[in-house]
Amino acid sequence: MQRVLVRTYGCQMNVHDTEKVENLLLHHGWTLAEDLDCAEFLVINTCSIREKAEHSLYSDLGRLREWKQAQPGRVLAVGGCVAQQVGDALLRRFPQVDFVFGTHNVRWVSAMAEAARAGQRQARVEETASLERFDLPERHPDFVGATPGRAFVTVMEGCDMFCSFCIVPRTRGREISRPADAILAEARQLASGGVCEVTLLGQTVNAYGRHDRRRAETRRAHGAAAEDDPGTIDFATLLGRLADIPGLARIRYTSPHPLFVDDALIRAHGEIEALCPHVHLPVQSGSDVVLERMRRRYTHVDYLRTADRLRAARPGLVLTSDVIVGFPGETDADFQATLALVRAAGFVDSFSFKYSPRPGTAAAELPDAVPPEVAQARLEELQALQSQQTLDYHRSRVGEEVAVLVSGESRRGGGQHAGRDQAHRVVNFEAPQTVAIEPGDFARVRIVEATPHSLIGTLADPPAGVRTSLKPSRGATDRGIRIQGIPG
Ligand code: SAH
Ligand code: SF4
Ligand code: F3S
C-alpha cells in the first residue's frame, strides 16, 4: 500500500488544491496517510502571500531531510504558490526535494511521483492559458473532504488585479473562468452525493467570466458566431442556477473583490434564499491615499456604500474583511482612517496582517517603510477593536435559534458539537447523548452565550413542523434520533 500525506499552507484555494491532489492520487491507487511516519510520499502545498509563509516551507524542508533518508524510496514534492514563484531553483537548493509542481500543474502530480520513484527530479511550473488544468477526475468514492456535507467548487482561477502589495497574480497567473456547465455539473454531482453547502472559489470570484464576456462582445461586434461562446455567464446568474440544484441548502463564495460587487450580485443577495448572508469582502485599508497606492481601485466611501447596499438587500448580512497595517508610507492618520472604517463597516470579524514586502511586486519598491514596532502596535490596536466588535455582535445573537451545519466535535471538548450557522459563525453546542449528531447534519440550536470566538448554544427542541424530519440514525437506532433535513 502506498500512502501520501499532503501538508497545506495558505488560503481556501490551496486547501481545495490539496483536495484535488488527494483525489487525483486516490484515483491512481494511493491511500491517504494518517501521519508523516507512515507516509511514503509527502506533498507540501505552499503559500507565498507573506514572507513568513514562504519561510515555513524552508524550515519544513530542513527538518524533512531526515524523514527522506530514514526510508529509501520516500518521495518529497513541493507544490503551490512558492513552487510557482521559485520553480526549479527549489531543486537546486534542496537536494531532498524530488519534484516541484506549479499552480497550473496539479494534474501531473501522480505521473511526477512515478517518475520520481524512477529517479527523475523535475519541476513543472509552466503557466497555461487553457482550461486543461480543470481536467481532473470526479470525487473518488473514498474521498471524504474536511467536512462531510460541505465542498469547495472552483469557478475561476488567477488574478489580473495586480494590487501593488500582492504576489498572487505572479503565483496563480492570469484570470481564467470555468464554463458554467462544468461548474453546475460538479455541483449537481456533489449534491447528489450528500453535499448541502458549496463554497465557490476564485481569487476574485465575483469577477467570474468578465474577460469572456468582454471578448464575446468584441467578437459579436465583428460578426462572430455563437459557437465561440466560452460558456461562462455572469456571477449572479451562476448563483441563481446553483440555487436551483435540489439539496444545495447553502451557497457561499470567496473571495470577492469590492470592485465587482455589482447591482446583480446585490440583488442576488436579496432574492436567493440559499445564498448565505455572509460576505467576506477584503478592504485592506480605510485611507484613500493608501488604497490608491495599493491599487485597490475604490475609495473608502465606495466600499461603505457597497457594504450598506448588501445589508439593505439582505438584512442581517454579516460582513467580514481583510486588513493590512503598515503599508509603506502609512501615517498615523491613515491608520486612524482604517480604524474608523472597521467601525463604520461594522465588520463582524476580520483577518489583519502586517504588510510584508513580496518579490516582484510594485509595493516592494516603495519608500517610507513603516518601522516594525509601529506596525505591530497598529496591528494590536486594530485586533483589540475587532475583538470587541466580534463579541458585541455575538452578544446580539444570544436568544436566537439557528440552523447549524455540524462539522464535528467542538474544540472546547466536553462532548460538545461544533458547526457553522448561515452567517459562517462558529457555533458550539450541547445535545443530549440520546441524540445522534454527526458531521454533515443540520441541527437546530438555541444560542445561550457569546464568546469572542464563537457562539455557544444548546440543541433546541425541534419545533412541531420540523419533528417529522427527524429520522432514525443510519444503522444506529439504539443511539437515538438523528437530526437531518433542516436546511439553514
Ligand atoms: N483575493 C483576495 C485576497 C487574497 S490574499 C482579495 O483581493 O481581497 C489574502 C489576504 O492577504 C489579502 O486580502 C491581504 O489582506 C493579505 N495580503 C496579501 N498580500 C499581503 C502582503 N504582501 N502583506 C501582508 N498581507 C498581505
Ligand atoms: Fe491579490 Fe489584489 Fe488579486 Fe486579491 S485582487 S489576489 S489582493 S492582486
Ligand atoms: Fe497563499 Fe497562494 Fe493562496 S500565495 S494565500 S496559497 S493564492
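In which loop does Ser255 lie? In this predicted model, Ser255 is placed in the loop between β11 (250–254) and α10 (263–271), where helices (H or I, at least four residues) and strands (E, at least two) are DSSP runs numbered from the N terminus. The peptide bond that leads from Thr254 into Ser255 is cis, with omega near -10°.

Residues are numbered from 1 along each chain as its sequence is written, and chains are lettered from A and ligands numbered from 1 in the order in which they are written. Because the model is predicted, local features need pLDDT of at least 70 and side-chain atom pairs count only at pLDDT 80 or more, while totals for chains, interfaces and linings use all residues; side-chain values use heavy atoms, with hydrogens and water left out.

The protein chain is assigned domain 1 (2–124), domain 2 (131–325) and domain 3 (401–480), the bounds coming from an automatic or database domain assignment. A distance of 28 Å separates the C-alpha centres of domain 1 and domain 2. To their contact (heavy atoms within 4.5 Å), domain 1 contributes 22 residues and domain 2 contributes 28 residues. The size of an interface is often given as the accessible area lost when the parts come together. Between domain 1 and domain 2 about 2200 Å² is buried, 62% of it on carbon and sulfur atoms; buried area is here the accessible area (1.4 Å probe) that two parts lose on being put together, summed over both. Of the area that domain 1 buries against domain 2, 26% is supplied by Met13, His104 and Arg107, more than by any other three residues.

The interface of domain 1 and domain 2 is crossed by 3 salt bridges, each defined as a side-chain nitrogen of Lys or Arg within 4 Å of a carboxyl oxygen of Asp or Glu. A salt bridge also joins the side chains of Arg172 and Asp17, at 2.9 Å from N to O. On the side of domain 1 that touches domain 2, the elements giving two or more residues are α1 (12–27) and α3 (80–86). The most is given by α1, with 13 residues.

Ligand 3 has around it Cys11, Asn14, Cys47, Ser48, Ile49, Cys81, Val168, Arg172 and Gln203, a residue being near a molecule if one of its heavy atoms lies within 4 Å of it. Domain 1 and domain 2 both give residues to this shell, so ligand 3 lies between them.

The shell around ligand 2 includes Cys159, Cys163, Cys166, His257 and Arg296.

Around ligand 1 there are 15 residues, the closest being Phe165, Gln203, Gln284, Asp322 and Ser356. A polar backbone atom of Gln203 is 2.8 Å from a nitrogen atom of ligand 1, and a polar side-chain atom of Arg50 lies 3.2 Å from a nitrogen atom of the ligand. Gln284 places a polar side-chain atom 2.7 Å from an oxygen atom of ligand 1. Gln284 belongs to the loop between β12 (278–280) and α11 (288–294), and its phi is near 75°, a positive value in a residue other than glycine.

How values were computed. A polar contact is a pair of N or O atoms within 3.5 Å; within protein, one must be able to donate a hydrogen and the other to accept it, and residues adjacent in sequence count only if both atoms are side-chain atoms.
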